Amino acid sequence: MGNDRSRAPMRRTMTGAALVLAVVVLAGCAADVSDVDIARAKVTAKEKAVAEAVAAESAAMSGFCQAGEDYIRALDRYGDVLNATAPTVGDVRVAGADLAGPHDEAVNSAEAIAEAQQAVVTAQQELADAQEALALIDPDAPAGTADEPMPEPTPLAPAASVDRVTQAEADFAQAQEGIGDGTPLVDAAEQFNSAAVALEMAWLSLFADTGCLSGEQQVQAIAAARAYTSALQQELTTAGYYGGAVDGVYGPLTTQAVEDLQAAAGLPVTGTVDKATAEALQAELVAIGETAAQDSVASTAAVQQTLKLAGFWDGPVDGVWTPELTEAVKELQAELGVEPTGAVDAATVHAFQEALAELERVEPEPSPTTEDGEDGEDE
């Protein structure tokens with residue numbers, strides 16, 4: 001009785017591979033078992049091991065996607081990227097201590113994926129070895145692939161995305177450490193919000209790169225990110241901070257331009273656009289637009305005439321820039337799909353030109369023709 005109980009756990013924990021081999025060995029008690037039978041049993045066991053490893057990898061990926069989403073939602077309380085949830089005084093003082101759990105879960109889930117991917121590669125290699133061994137003794141068995149190199153585990157995300165997350169994590173921790181009892185509340189909030197925005201954006205990028213979004217969501221996320229960056233680059237160009245290509249890529253030149261803007265506005269220099277930075281940029285754009293227009297009566301009159309022709313201005317064409325004219329420009333910009341700043345910037349001009357070009361490309365409807373193919377005009 002005692003011996004039977006001691007062996008019960010062993011029977012319950014027996015793996016699929018061991019079970020297959022045990023069946024073959026037990027069968028040998030009643031009849032001879034050939035080497036081919038044993039080799040085939042090993043192949044079957046390894047095939048099952050591969051299937052189990054693949055299933056475990058899929059489960060690990062699902063776990064990471066859920067953990068990543070939870071962490072991004074937790075970050076958004078401070079980063080304020082997805083929802084209007086600006087941090088309070090209490091949030092700044094505790095400096096995101098409630099992020100520790102979601103962060104650790106996301107990181108552990110990422111590590112679990114790497115381990116699961118390696119387990120798949122190992123299982124595939126063992127299966128290839130078993131198939132090769134079977135082929136050596138069974139001419140009818142398909143040749144194995146043991147001599148072929150096994151594929152390396154696929155990285156969870158591009159190295160650049162991982163590096164951005166790592167750097168953003170370090171910057172966020174530094175921002176936390178830099179906030180003390182003597183830090184002015186406004187400065188503390190700006191530093192904390194800026195670092196949280198950068199961290200949330202980095203994780204959002206990683207979340208998309210890992211395939212946690214559906215195909216349509218992935219396309220939309222990439223398009224939205226490029227559209228946002230392109231608009232930002234164009235506005236920074238108008239404000240005189242950016243001299244690179246408007247390509248929708250948030251690279252070193254864009255980061256430097258944002259840093260220059262932040263330095264000029266007396267904001268924490270982070271290279272990431274938070275609320276305060278966006279407001280400073282918009283203030284400059286409005287000032288540039290109004291000043292440039294008011295400096296030239298002819299330019300203002302041209303704007304008024306253009307808006308009148310487009311149906312957005314019903315006031316006088318007198319070269320006088322008024323608040324009503326600013327609102328009319330904003331309405332036109334909203335119609336064109338550009339940021340409604342009220343300033344006639346390069347983005348607005350470009351969008352207007354594109355709209356005109358599109359109208360010119362529209363072919364006129366063909367005139368009615370007779371059955372003979374000639375124009376059907378009354379004689």
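The legends below describe close-up views of a predicted model.

The model is predicted, so local features need pLDDT of at least 70 and side-chain atom pairs count only at pLDDT 80 or more, while totals for chains, interfaces and linings use all residues. Residues are numbered from 1 along each chain as its sequence is written, and side-chain values use heavy atoms, with hydrogens and water left out.

**View 1. The disulfide between Cys 65 and Cys 212.**
A disulfide is a covalent bond between the sulfur atoms of two cysteines. Here the term is applied to a pair of cysteine sulfur atoms within 2.5 Å. The structure holds 1 disulfide, and the sulfur atoms of Cys 65 and Cys 212 in it are 2.1 Å apart. Cys 65 belongs to helix α3 (residues 35–79), whereas Cys 212 sits in the loop between α7 (185–209) and α8 (215–238), so the bond ties together parts that are 147 residues apart in sequence. Helices are DSSP runs (H or I, at least four residues), numbered from the N terminus. The torsion about the S-S bond is about -90°, so the disulfide is left-handed. Cys 65 counts as buried at 15% relative accessibility, and Cys 212 counts as buried at 17%. Buried means under 20% relative accessible area, exposed means over 50%, and partly exposed is in between (1.4 Å probe, protein chains only).

**View 2. The salt bridge between Lys 46 and Glu 126.**
A salt bridge is a side-chain nitrogen of Lys or Arg within 4 Å of a carboxyl oxygen of Asp or Glu. By this rule there are 4 salt bridges. In the one between Lys 46 and Glu 126, the N to O distance is 3.3 Å. This pair links distant parts of the chain, with Lys 46 in helix α3 and Glu 126 in helix α5 (residues 100–137), 80 residues apart. Lys 46 is partly exposed, at a relative accessible area of 25%. Glu 126 is also partly exposed, at 34% relative accessibility.

Arg 73 counts as exposed at 55% relative accessibility, while Glu 69 counts as partly exposed at 30%. Glu 327 is partly exposed, with a relative accessible area of 43%, and Lys 330 is partly exposed, with 28%.

**View 3. The largest nonpolar core.**
In soluble globular proteins, nonpolar side chains tend to be buried together. A nonpolar core is a set of buried Ala, Val, Leu, Ile, Met, Phe, Trp, Tyr and Cys residues joined through side-chain atoms within 4.5 Å. The largest one has 28 residues, and those touching the most other members are Tyr 71, Leu 75, Leu 99, Phe 172, Leu 199 and Trp 203. Two or more residues come from each of α3, α5, α6 (159–177) and α7. Helix α3 gives the most, with 9 residues.

**View 4. The aromatic pair of Tyr 71 and Trp 203.**
Rings of Phe, Tyr and Trp (its six-membered ring) pair if their centres lie within 6.5 Å; planes under 30 degrees apart count as stacked, over 60 as edge-to-face and the rest as tilted. A search of the whole structure finds 1 such pair. The ring centres of Tyr 71 and Trp 203 are 5.1 Å apart and the planes stand at 90°, so the pair is edge-to-face. Tyr 71 is in helix α3 and Trp 203 in helix α7, so the pair ties together parts that are 132 residues apart in sequence. Both Tyr 71 and Trp 203 are buried. Contact means heavy atoms within 4.5 Å. Leaving aside neighbours within four places in sequence, Trp 203 is in contact with Phe 64, Tyr 71, Ile 72, Leu 75, Ala 106, Val 165 and Glu 169.

Ser 109 counts as buried at 9% relative accessibility. Its side chain reaches the backbone oxygen of Glu 105 at 2.7 Å. Apart from neighbours within four places in sequence, Ser 109 is in contact with Gly 63, Phe 64 and Ala 67.

Notes
A polar contact is a pair of N or O atoms within 3.5 Å; within protein, one must be able to donate a hydrogen and the other to accept it, and residues adjacent in sequence count only if both atoms are side-chain atoms.
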